[in-house]
Amino acid sequence: MAAIQNLLEASSLFPIPSGLSFSYGTAGFRSDASVLSSTVFRSAVVAALRSLATGATVGLMITASHNPVGDNGVKIADPDGGMMTQRWEPFADRVANAPDPHSLVQLIVQFAEEEDIPLGGMKSSEILLGRDTRPSGEALLEDAKKGISAVAGVVAVDMGILTTPQLHWMVRSRNKGMKASEFDYFSQIANSFRCLIDLVPKELLKNKVEGKLIVDGANGVGGGKLEELKVMLTGLEIEIRNVGRDGGVLNEGVGADYVQKEKVAPSGFGSADVGTRCASLDGDADRLVYFRVLSPSSNTIDLVDGDKILSLFAVFIKEQLSILNKKENKDIASGLPARLGIVQTAYANGASTDYLKQLGLEVVFTPTGVKYLHKKASEYDIGIYFEANGHGTVLFSEDFISRLEAKQKELASSCAGSEYHNAALRLLAVTQLINQAVGDALSGLLLVEAVLQYFGWSIQRWSELYHDLPSRQLKVKVADRTAVVTANAETQVVKPLGLQAVIDAETVKHSRGRCFIRPSGTEDIIRVYAEASTQEAADSLAQSVVQHVASVLGSGNPQK
Ligand SMILES: CC(=O)N[C@H]1[C@@H](OP(=O)(O)O)O[C@H](CO)[C@@H](O)[C@@H]1O
Ligand SMILES: [Mg+2]
């Protein structure tokens, strides 16, 4: 068949580098950019098959997020704008590692048969392509285009340089038959932000949140995009630094991952910024953390991480729901019942979980990686999920949105402008503002700003919602990280046998001690996380577990 011959010829131009193996991991394939040509080509083939299988538009993003500038990566967005279904990950792995074009094509033909995917070009579909600002992105994007055109019937639409969440948003919008350009993205979030600001209760306007927001763009794609968005915003003063134009290197001493893991101010921030509300994006702008520089003489910060962003959103949404469901609300026959769920991972600070539970909220845990959190959050009417590192969003079920729209209409005719009506309008604006496809630093940032204005809170007041337990994260390089197998949302080691008992024995030595280890899905290391009532105790717990891990698994080399 011509289609098969075509695929065979195209793939023979992309030999896989010898001695390497690729894994779809926590968030797509990532590696040194110089070895990724064949992986990107083959991932594009997988994306094309995915779009034929679903009969819908699929996305392919070239990014390595917070990794160093020399790395790159590729991930696939499913038709709903979320991460590619986990069911296809083993196939993506086999495709990436097939030793030669013949075995690759054989694998594809067999999979296409099993999944009933038409390979002969009888069906047509499209892939939206995006990339971040990495210098290697341009050439890799060309490789992706070749992968797509190797599959008959599928066309590539190059959307240019984008943040990862923009691409996911576009895929989702396209498949819903909605406008899906970058301008549409900016318009939707700028308009819904304006709507939330207009709905700030007048009596609270006097508590106006002081001063401007300063944003660290990680020298990545987010800073430039925020500059474009900024001109469409009213009611917010933003200064953007580390946009990547003045010689700064992507993710080097800057960005959300650095700020969250090192707990220091990014480069370009210093004594002049003490006390100011600051935020940091990661390299592809799907993560967001806030911080405040504490002292003119050091770069220590008060970190306001993903757990606190989650808590802020939870408090706000809970308040709007309780306004709508007030017993004395005579204007509506029934309230607006909603199942609100909070989703965290084991990296969530224990103090945040305690706080959220004290608010009476349902908190559940999943393994690391937004693909797990997102899925869990989508089981609720409103699901709020965040990783401590600042990746997360708020998901609203279709059913809840239609009930909310109906309620809004009902209130508009019975009591327009009442607190009930305003609460419904606020929730509707949140459904428009916060990215429904994936965690998005730009839309998350605008929701944080709108909620701070609503409450009239400074960053300091927000940060005082609860006090983080001191924590420490370390990495250990070991001979084979896959030797570690975990269970219970990664909080327990099941293999190697005996290691969990050793971790437990160290943990009980410390007041409020909590510690777990897991193999990273994005780096060739084991991560160690420890928490305790003092920083010294958290450090010492993490350090001693690092040593045990190294001695059980071989070759320890603790790094921050
Ligand atoms: C501790 C940590 O921050 N882990 C990150 C990191 O995954 P690892 O599997 O831990 O390397 O990158 C993922 C993708 O960005 C992100 O989802 C996750 O939270
Ligand atoms: Mg990222």
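**Close-up views of a predicted model**

**View 1. The surroundings of V45.** Leaving aside residues up to four places away in sequence, V45 touches V95, I108, G147, A150 and V151. This view, like the others here, comes from a predicted model. V45 belongs to the largest nonpolar core, which has 137 residues. Together with A48, I127 and F313, V45 is among the members that touch the most others in that core.

View 2. Y347, F516, I517 and A538 are included in a second core, which is separate and has 27 residues. In soluble globular proteins, nonpolar side chains tend to be buried together. Across the protein chain, 50% of the 560 residues count as buried.

**View 3. The shell around ligand 1.** Here you can find 15 residues around the ligand, and T26, A27, S520, G521 and T522 come nearest. Sorted by class, this shell holds nine polar, three nonpolar and three charged residues.

**View 4. Four domains in one chain.** The domain assignment places domain 1 at 2-161, domain 2 at 195-302, domain 3 at 307-463 and domain 4 at 471-553. The centres of domain 1 and domain 4, taken over C-alpha atoms, are 35 Å apart.

**View 5. The fold as a whole.** Along the principal axes, its C-alpha atoms fill a box of roughly 70 × 60 × 45 Å. Of the contacts between residues at least 6 apart in sequence, 71% join residues at least 24 apart.

How values were computed
Residues numbered from 1 in each chain as written. Chains lettered and ligands numbered in written order. Predicted model: local features only at pLDDT ≥ 70, side-chain atom pairs only at ≥ 80, totals over all residues. Core = buried A, V, L, I, M, F, W, Y, C linked by C-beta atoms within 7 Å. Buried ≥ 20, exposed ≤ 12 C-beta atoms within 10 Å, placed from the backbone. Contact = placed C-beta atoms within 7 Å. Domains from an automatic or database assignment. Near = placed C-beta within 6 Å. Nonpolar A, V, L, I, M, F, W, Y, C, P; charged D, E, K, R; others polar.
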